[in-house]
Amino acid sequence: MHVSTIRRGTRKFTRGFLFRQCIAGVIPRWLSMPADRFKTEFDPNCAVISPSKIWLGNVDPEKFFCSAPESVEHELHQYIKKQVPSLTHRTLDNNQADTSLLSETSAFLRDIESSYLVNGPGAAIFQPIKGLESILEIRLLALTLSQLMGDCLKQNSSGERSILVFDRDATRRMVDGQRYHQSHEGGSLHTDNVNIPECWEFMLLTCLQPAMIGGENILVSAVSVFEYFQKHDPDVLLTLAKDFWWEYRGFSDGFFRAPILFYNRSGEPCFRWLREYMESAHHRLAQPFTPEQQHALDSLTNITLDPHFQFHYSFRKGQILFANDLQLFHGRTAFRDAQAASSDYDFSHPVNRLMQRNWVQTTSSFRGINQSKFCVPTTEEIAGLHEDPESLL
């Protein structure tokens, strides 16, 4: 849905308003849109392919590495050291960065957006800031960088902006309803922007503590995957560009419809992809996949799991992955921790794998660049699926 405003009566609803409503799990009934509204012809041959985003598993890691210049390191070190004494892990998320004290860092981040995330490989691996070594310091660093880039978004119904990624329960799996960031499972290559309709731009994933065994991060260029299917099986792309069901996992029990594949504002391919979440939505709605859909899903899964496309990297404590989320599949290998899984992370003895995730809707000129089409059916339309399974396909 690529609109600047929607009017109903005398009220004016901005895209930001709709986004906040979706985040809150509040879906106005009038936002329901018929399926035909967004049906446009998708042509796999019309994609804009950026050579900088074509890379495979044997890519040189230096392609992604970026370090802060001395002036930025000094600015961040001073700022974080001054802020940390007044914060705890519980209060961290409420802290708001003071942009007036971080002008050098703000300019540096705009360069990362342009040179790495939008016009580069789609990812950057930011090197640790010297002198920031505690988990709380590194967490605040990642949150601060996110806030300087734009709006650091809520990621669940509790309003958390800095999500800790660690294994909470070794007995639960994603097929049982467990969210990916709460498990120890590997192999599920995905993008993050799958459980709210509107598209934000960037994700930061920060290493706070590596796993005892495993937990290696995996990156796959979505543009390289698109190019492969463009050459070898374009029918898969045509199927992926049609609507699928998604759930507001973590936000509400609702559903929305959106394609897996679409073109962004620049004509580049983007993917919305976390297969387990989408399969759960289709299962809950009793909407089985067609043979064509099943083939397309299996094909996309197989390519993202192909070692030829996978770049593996073991992140060190303090390193931060910056990602153009919808153009970068990411995942990890399964891991084993030193201690038993727990619902609360033991910061007093931090030996288990721990990452922090932040979602960013940028305030730069790239805001909205990855917007896609979507629709939010009403409760009545959802209920009607069981009476007329073809009604919203």
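Reader: How many residues does helix 8 have, and what span is expected at 1.5 Å a residue?

Author: This is a predicted model. In it, helix 8 runs over residues 291-304 and has 14 residues. From its first C-alpha to its last it reaches 20 Å, close to the 20 Å expected at 1.5 Å a residue.

Reader: Which residues of helix 8 are buried?

Author: Start with the general idea. An α-helix has 3.6 residues a turn, so residues three or four places apart point the same way. In helix 8, the buried residues are Q293, A296, L297, S299, L300, T301, I303 and T304.

Reader: Next, the sheet. In what order do the strands of the open sheet 14-9-16 pair, parallel or antiparallel?

Author: In general, strands of a sheet pair through backbone hydrogen bonds, either parallel or antiparallel. Here three strands form an open sheet, ordered 14-9-16, and the pairing is antiparallel. Strand 14 (311-313) and strand 16 (328-332) stand at the edges; each has a single partner strand, so one side of each is left without a neighbour in the sheet. On average, neighbouring strands of this sheet are turned by 25° against each other, direction ignored.

Reader: Over how many bridges do strand 9 and strand 14 pair?

Author: Strand 9, residues 217-221, pairs with strand 14 over three bridges in the antiparallel sense. Within this pair, N217 stands opposite Y313 of strand 14.

Reader: Which strands does helix 5 touch?

Author: Helix 5 (residues 222-232) packs on the sheet and touches strand 9 and strand 16. The direction of helix 5 makes about 50° with that of strand 9.

Reader: Now single loop residues. Is G122 buried or exposed?

Author: A residue counts as buried under 20% relative accessible area. G122 has a relative accessible area of 0%, so G122 is buried. G122 is found in the loop between helix 3 (103-118) and strand 4 (123-126). Beyond its neighbours within four places in sequence, G122 is in contact with K53, Y116, L117, F322, A323, N324 and L328. G122 and F64 are 58 residues apart in sequence, yet their C-alpha atoms are 8.7 Å apart in space.

Reader: And where is R161 found?

Author: R161 is found in the loop between strand 5 (150-152) and strand 6 (163-165). Its relative accessibility is 29%, so R161 counts as partly exposed. Not counting residues up to four places away in sequence, R161 touches D93, C152, L153, K154, Q155, R357 and N358. R161 and W359 are 198 residues apart in sequence and 7.4 Å apart in space, C-alpha to C-alpha.

Note on methods: Residues are numbered from 1 along each chain as its sequence is written. This is a predicted model: local features need pLDDT of at least 70, side-chain atom pairs count only at pLDDT 80 or more; totals for chains, interfaces and linings use all residues. Side-chain values use heavy atoms; hydrogens and water are left out. Helices (H or I, at least four residues) and strands (E, at least two) are DSSP runs, numbered from the N terminus. The expected span of a helix is 1.5 Å times one less than its number of residues. Buried means under 20% relative accessible area, exposed over 50%, partly exposed in between (1.4 Å probe, protein chains only). Contact means heavy atoms within 4.5 Å. Two strands pair if DSSP finds at least two bridges between them. Axes are lines fitted to C-alpha atoms, for helices over the stretch in contact, and angles run from 0 to 180 degrees between N-to-C directions.
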